[in-house]
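Biologist: I am new to this one. Could you show me how to read it?

Modeller: Gladly, let us look at it together.

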Amino acid sequence: MQHYLDITLLPNDEIGHYFLWSKIYQQMHLALVEFGRGQVGFAFPEYSSGQPRLGRKLRVFASSADVLTQLNVSKWLSRLMDYCHVTSIRAVPEHAQYALFTRKQCESNPERLARRRAKRKGVTLEQAREHFAGFEGEFTKLPFVDFESLSSPAADNNNHRFKLFIGRQLFKAPKKGDFNCYGLSQTATVPWF
């Protein structure tokens with residue numbers, strides 16, 4: 001990851017900060033789906049897990065300036081340009097640390113887990129519910145983006161909304177790997193500065 005650009009959410013009295021995060025991240029997700037996985041990673045320079053927040057900045061990394069140019073962030077955010085600012089492509093500073101931004105999924109809904117088990121294991125819904133009797137959900141206080149899945153509609157044919165929880169670990173050396181269509185990874189780091 002040698003080059004980056006920043007997307008800064010601009011303060012706005014009419015549109016809430018979290019709503020704007022949701023719209024910008026949704027567009028960037030669609031850009032990565034069309035562009036292809038693995039080549040582009042995200043960082044959140046103002047990230048805080050102590051007081052859970054992502055801040056107002058999304059940093060988009062790629063191995064070269066050409067990859068970022070091809071991604072064409074301004075095209076994907078064209079409808080939102082009144083609410084954000086996109087910088088030019090820049091080289092990563094030499095003395096950066098590294099951060100791993102991952103998606104954290106919590107198993108917190110026993111009814112959903114029971115439906116999933118019934119479908120996958122070929123058991124009745126009642127049997128699946130019995131399996132999860134006494135289940136205590138997992139919860140997190142990590143920062144998140146409220147997200148809408150356009151690829152997995154819910155049973156009532158509305159798009160499925162979920163919280164995309166984002167965790168961070170810091171490292172002194174880079175780690176290689178691929179990024180998913182959310183710009184996150186289980187193994188690959190991005191520069192942290």
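Predicted model: local features only at pLDDT ≥ 70, side-chain atom pairs only at ≥ 80, totals over all residues.

Biologist: Which secondary structure elements does the chain have?

Modeller: The chain has five helices and nine strands. Along the sequence they follow the pattern β-α-β-β-α-α-β-β-β-α-α-β-β-β. Of its 193 residues, 39% are buried.

Biologist: Which residues of helix 4 are buried?

Modeller: Start with the general idea: an α-helix has 3.6 residues a turn, so residues three or four places apart point the same way. Here, L113, A114 and A118 are buried. Seen down the axis of helix 4, the buried residues fall within an arc of 135°, so they line one face.

Biologist: What do the buried residues of helix 4 pack against, and which exposed residues does the face turned away carry?

Modeller: The buried residues pack against helix 5 (125-131), while the face turned away from the buried side carries K119 and R120, which are exposed.

Biologist: And how much space lies in the second largest pocket?

Modeller: About 280 Å³. The second largest pocket is lined by 17 residues, and M1, Q2, P174, K175 and T189 are the closest to its centre. By class, its lining has nine nonpolar, four polar and four charged residues.

Methods: Residues numbered from 1 in each chain as written. Heavy atoms only, no water. 1 Å grid on protein atoms, 1.4 Å probe; cavity = no way out; pocket = protein on both sides within 12 Å on 5 of 7 lines; lining within 4 Å. Points joined across faces, edges and corners; volume = space filled by probe spheres on them. Nonpolar A, V, L, I, M, F, W, Y, C, P; charged D, E, K, R; others polar. Buried < 20%, exposed > 50% of the residue type's maximum accessible area, 1.4 Å probe, protein only. Helix = DSSP H or I, 4+ residues; strand = E, 2+ residues; numbered from the N terminus. Arc of directions from axis to C-beta. Contact = heavy atoms within 4.5 Å.
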